[in-house]
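Thanks for coming. I have one structure to go through today, and I will keep to its packing and its chain contacts.

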Amino acid sequence: MTRSAGCVWLLLVVAACSGGPTRSDETLRLPLINDPIFNPLLAPDLGSVMVNKVLFPGLVRPDEALRPSPDLAVSWLAATDGLSYTFALRPGVTWHDGVPFTARDVKFTFDQAIDPVSGSRLRSDFAAVAGVDIIDSLAVRIRLKTPFAPLLTLLGYNAGILPEHLLKGMKLTDAIAFNRTTPVGTGPFRIERVSPGSSVTLVRNASFYGTKPNVERIVFKIVPDINAQVTQLRAGELDLITIEPANLGSVQGAAGVRVLQVPVVQHWYVGFNASRALFKSAVVRRALGLAVNRSAIVKGVLKGYGDLPGGTIPVALHDYYDSAAAPVPYAPDSATLLLASVGWTRGPDGTLHNASGEPFAFELLVDKGNPTREQSALAVQQDLSRIGVKASIRTMEFAALVRDRVLPSNYDAMLIWWTTPPDPDQYSFYHTGEDNNHVRYSNAAVDSLLALGRATADTARRRLIYRAFQRIEREDPPVLVLFYPREIQAVSARLTDIPRLGIRDALRHSERFRIAH
Amino acid sequence: MIPFLARRLGQGTIVLLLVSVITFVIMMAAPGGPSLLADPKLSVAERAEIEQRLGLDQPPAVQYVRWLGRAVQGDFGASFLYQTPALTTIGSRLPQTLLLAGTALLLSIVVGIPLGLLTAARAGGVLDRVVTFACGVALAVPAFWSGLMLLLLFAVWAHVLPAGGAVTEGGDVGLIDRARHLLLPALVLAAGGCAELLRYTRSAALTTLALPFVQTARARGLSPRRILWRHALRHALTTVVSVIGLQLPRLVGGAAITETVFSWPGMGRLGVEAALGRDYPLVMAVTLVVAAGVVIAGIAADVVQMVIDPRVRAA
Amino acid sequence: MSTRNISLVLAAATLGLVLAMAIFGPALYHASPVTVDLSIAGSGPTAAHLLGTDESGRDVLARLLAGARVSLTVGLSAVLLAVGLGTLIGAVAGLAGGWVDSLLMRLTDSALSVPALFVVILVLTFLGPSVFTLLCAIAATSWMGSARMIRGEVFVLREQPYVEAARALGATHATIIMRHLVPHLAPTVLVAATVGVPSAILTESALSFLGLGVQPPAASWGNMLSGAQTYLISSPLLAVYPGMLILATVLAVNALGDALRRSLKSDARLRV
């Protein structure tokens, strides 16, 4: 019995062996939390986004100040009416299979991106696009339905260009071989090997149009568990991971590990459902904002790896963040006064009551499993209880929270976040009646500013518009912004020349990473 | 034998059908829906389009019947998360799971059964005490915990074993490399099962040793060794075989935690990912593949039992 | 006193202590197990917090005490439910035979062939993880082992000469069960139970690892242990406390189970 079992075991070992040996010390090893789908139009998940940023360059890419800089397009010109952009494409670029890259690929990509039946997940990003015209083989014009200033930023965000010659005539979701094993892009690395559930290996693209990539290979290892990622980093088997503040203790002071931090374009907030009577009043929302001790949260929960907020535009957007205004202060006494001014007074039990004797109580939703958000929710709850506001926390799985509570607007308050492209446009979040305006915020002045902001191409004028938006936010806050987190990167000592960007944007510059010997 | 097998296969089919209905009902009742749709940035229209494309806009009963109609033809649909056919997705993970689970099972049999018999033969002796205590410890430490400890010890501090994965990515992939990656997860996965098997073997052997026919054999002057291996083992195997059968679904489907800690690209992790992400086609396919495996293993265990113990055959 | 007795006394003392912790602990030690105070997060032992605080500034000792209550409740009730159900189904199937046996075994087979972890995940996300749903889910996916084992034992036992003799003498089913089967089945049931308690406590901790165990801020040893692995290097004690409690409890339950089995067996021998 033992002997035959042994034979079976050997067979299994052999059967599970696959793929050939490759070896190089110049290999950059990064973690993914899930198997990627190699198609930037189809896959919104983090794993796919990371790999696709390397494989599929876009027309532009963000530089270290998060401004669009040339990539597959070498230059561009906006029409004076703001209704079209003309791009001069980079000459001499070839796909990983050797076929030349042309304007046809660009047109194909955006035709697919806005096609309702292609399965594209970028449709809302490019809803303003009316169509793409080929001017010649190396020039295209993107036509817009209305002036849309975020276009350039979005072109450098997730809109990697796809090869027409391999995908034409089939549904993108049906291109399984391309999407899962044999993608062809124009990036500095091309696909070498895919082991499902295990890893994706990219190898240097010898005919890359930009500077020669410094590392020979990038191996994306699939390591879903954050503690396992930390362990592999410490064991020298990963080179760069992004961690939560809670993991800092495990990497700080570890041999051969450095900790870096980068501001990212996110705002984390408590959203109050303004369609509930409780939160209709701007005064109430402003008061609650004054009652939360944000610096204690940034210090205690984020271990200092975050920035104190003014409004919803994060400090990472240097050009638009209103640096003149101080962060929202912690002023519980002012909060109490403000609430008293709209009829909320403390009862004998210490809780706030209105004229009809109802207590100020609500349910605060938070998704479970993320210690940073869970701890932040607890801190908010305790701060609010100090001014007599009773928040009861309910943790739910993220998918259930979104589908069953947030989308049907069946909630009081939620602790959640937005990750956005590096553009100040927040039209879809805070403009009256928009799908993504889950907090049901409505302010006529904000509506016109947000509409104007996304239609204004001139940076200086845009800056003024979004400064004005941020000033209104002080009086009538759409949400209670808690902080702007910084991405914490734990990096092996041998990795250098890391672009000073969040990991996703940094991967748009993957040729720069260098492994020291 | 043949009618027995036919009957058991019939039963197995009913079991699988039951399993598919139960899983489908639980899955549909779970709140949240596919994580694919959990993106708060999706517009109402986009959401509706995705639901329609995946057939999620139909009533659950219709969805089930459609699923069943395709499943009997071998089409389990495309995974929401992976966008590839569910069976292909599973197929890419199955060899790794079989390797890990097979190694763990082998380890626990090779260690568990002989040790169980030995400790039963000298119940109360030093070996018995030590082994009983070790079993207790093995059963008392959660897999995620012992896994992490072993990783810290052997990968981070001693640097003698890899910290996860099934092979060195982009490195030499040979038998030795594979075995080095396999060692720790197999140990962790085997620990609980081995301790359990040992305890059952010991307990069953003790019961057997106390039975009249063994006493008689002993009175007749049969050597204790002979009694132990011939009679006690044979008798205890009835229990042991069913215990091994019981461990299979846990080894194959429940290895998820070990697989997560060791970043092992197996099916257990895939199944948990699918369940957490509400990847309906993948959940159904994983559940049924594991269930089919268990049903087949169960039939095999019954056959083995019939061979070992004529009384079961009679029953 | 022999070493066997010493270990038995130790086991009983450990279990007594753990039970006392669970029952009286929260009444005697007043710190709140759920109050967050980030200003004292991760501090060492002080007069106000005897074992210090965790990463959210909650009192570790208070959480251990509250966790004892939760973990023991989950462990014991789940096993009681599971073994009770399993014994009932196994004994009925074994004794009745025929179609009853087939029916019950198909049920057992179906339950056994579904990977328990997936079912627990789906059920818990549906019902929401609470102590009660947890122990039901654990019991619902762990009764099959004892059912099969008991059925196997009954099959063997009912062919034994003395049982056949009793039946020939006109003893009723009930008499046979009480006089002959129970003494023989007791060890098997006990093995199942002593394996079951730790396994239920461990299942809870495994579910905590996947985020589906007892939900924070409520404490269980499992979620404390699973939460502590993030802080393993910075504050290893956070893991050591719940880990040692789980280990001690499990070892004590096992030792006690062994002792019980031995005494039942000598008792059974007298009766046969």
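I start with the core. The largest nonpolar core has 330 residues, and B:Ala285, B:Val286 and C:Ile121 have the most contacts inside it. By core I mean a set of buried Ala, Val, Leu, Ile, Met, Phe, Trp, Tyr and Cys residues joined through C-beta atoms within 7 Å. Buried means that 20 or more other C-beta atoms lie within 10 Å of the residue's own, with C-beta atoms placed from the backbone.

This is a predicted model: local features need pLDDT of at least 70, side-chain atom pairs count only at pLDDT 80 or more, and totals for chains, interfaces and linings use all residues. Residues are numbered from 1 along each chain as its sequence is written, while chains are lettered from A and ligands numbered from 1 in the order in which they are written.

Back to B:Val286. Leaving aside neighbours within four places in sequence, B:Val286 is in contact with B:Ile90, B:Met267, B:Leu270, B:Gly271 and B:Ala274. Contact here means C-beta atoms, placed from the backbone, within 7 Å.

B:Val286 also belongs to a helix pair. On one side, B:Ala86, B:Leu87, B:Thr89 and B:Ile90 in α4(B) meet B:Pro281, B:Leu282, B:Ala285, B:Val286 and B:Val289 in α12(B). Helices are DSSP runs of H or I, at least four residues, numbered from the N terminus. That contact divides into eight nonpolar residues, one polar and no charged. Nonpolar covers Ala, Val, Leu, Ile, Met, Phe, Trp, Tyr, Cys and Pro; charged covers Asp, Glu, Lys and Arg; the others, Gly among them, are polar.

How do the two helices cross? The axes of α4(B), residues 86-121, and α12(B), residues 280-308, come within 9 Å and cross at roughly 55°. The axes are lines fitted to C-alpha atoms over the stretch in contact, with angles from 0 to 180 degrees between N-to-C directions.

Now the interfaces. Between chains B and A, the contact takes 50 residues from chain B and 57 from chain A. The largest share of chain B's side, 10 residues, comes from α4(B). By class, that side has 24 nonpolar, 16 polar and 10 charged residues.

Chain C puts 43 residues in contact with 52 of chain B. On chain C's side, α4(C) gives the most, with nine residues. That side divides into 28 nonpolar, 10 polar and five charged residues.

Notes
Contact = placed C-beta atoms within 7 Å. Buried ≥ 20, exposed ≤ 12 C-beta atoms within 10 Å, placed from the backbone.
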